[in-house]
Amino acid sequence: MDLHILDHRLRVTSISKNGLVNFTHPLIKLIFLRNRTRCKFFSLTETPENYTVVLDEEGFKELRPSEHLKVESSIWLPLNVVSNGNASSSSQAVGVTKIAKSVIAPLAQQHVSVFMLSTYQTDFILVREKDLSIVITTLEEEFNIYKEVGGESVPMHGLDVSNGLQKNGKEAIQPTVHPVLIPQNQFCVMSLDPDTLPSIATTLIDVLFYSNSPKEDAQSPSSQDLDCIKFFSFSLIDGYISLVMDTEAQRQFPADLLFTSSSGELWRMVRIGGQPLGFDECGIVAQISQPLADSDISAYYISTFSFDHALVPEEDIVSVTDMLQHQRKEPATS
């Protein structure tokens, strides 16, 4: 299999809910007028706490400094696994599950923090630029690794990395097993022809900027009685659009423009974290993706500025809940 280091240098940011009004114009520009921003990698995810915006350096120029804007200090690089030229696997499972053992687990063992962004089309594994040498050294036995530079794929090797695993000589720290929340929403993972994006502009603006959360007052992820959760994700990456929304939001869009897999599968969410997770802890994605991979259960995985979110097929939510309860000393919420 091949692992590609894509030609994007990304920033991970957060916009506060009450500060969104200060960023409405640049966000609309990034979504609908991409030819005017030269931004090639843009993702916006709304959660009950905030809006997470992941974007390349060209897009980042559009966001002016503000007390309502938090910026993670690192430059992040997106990795993408391809098999036979396509993002695929011999496993029937899709999403982060198919790369859990080959990518996620080895990086966690080497104390490399990852930020995941699953889309309708593929899965992006974001790693800090400063960790790239360790990433290459860790994964080069399993993958042919290429760095995309100006449209060309340049082979990468860890041979010139002096003891790339040196910072990992210490004993692995047992990762914190974070609490999970399983809201009742049913979610769809969908796509859209970019040419039809103007046709849903008013609906998309309304859902992103004007709709109210089903439980707007339930801000705490530890709320045991949180039935539904506000979650909407829009990504426009290298010309491909991906949308993740619950069925209530989906009903606001024209049915003939959005498309999903032929099975039209519905997904349920596992939200990870009782308190904001931060960016330095390693192994958070692995502790969710590993047991799913062991059971060959598909999962999309979307990290945000505060919490992580896995989407699993609705038909598997009971077994996933049991699995996560068994993994934790105290029962997970359901």
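**Inside the protein**

Modeller: In the largest nonpolar core, which has 42 residues, the members that touch the most others are Ile125, Val270 and Tyr301. A nonpolar core here is a set of buried Ala, Val, Leu, Ile, Met, Phe, Trp, Tyr and Cys residues joined through side-chain atoms within 4.5 Å. Buried means under 20% relative accessible area, and exposed means over 50% (1.4 Å probe, protein chains only).

Please keep in mind that this is a predicted model: local features need pLDDT of at least 70, side-chain atom pairs count only at pLDDT 80 or more, and totals for chains, interfaces and linings use all residues. Residues are numbered from 1 along each chain as its sequence is written, and side-chain values use heavy atoms, leaving out hydrogens and water.

Let's start at Ile125. Setting aside neighbours within four places in sequence, Ile125 has contacts (heavy atoms within 4.5 Å) that include Leu77, Pro78, Ile99, Val114 and Phe115. Another core, of 33 residues, lies apart from the largest one, and Phe23, Ile200, Leu204 and Leu208 are among its members.

Now find helix α8, residues 317–327, where Ile317, Val320, Thr321, Met323 and Leu324 are buried. These five sit on the same side of α8 because they cover an arc of only 165 degrees around the axis, taken from the directions from the helix axis to the C-beta atoms. The other side of α8 has Val318 and His326 exposed. Covering the buried residues are, among others, β16 (267–272), α7 and β18 (308–313). These labels are DSSP runs numbered from the N terminus: helices (H or I, at least four residues) and strands (E, at least two).
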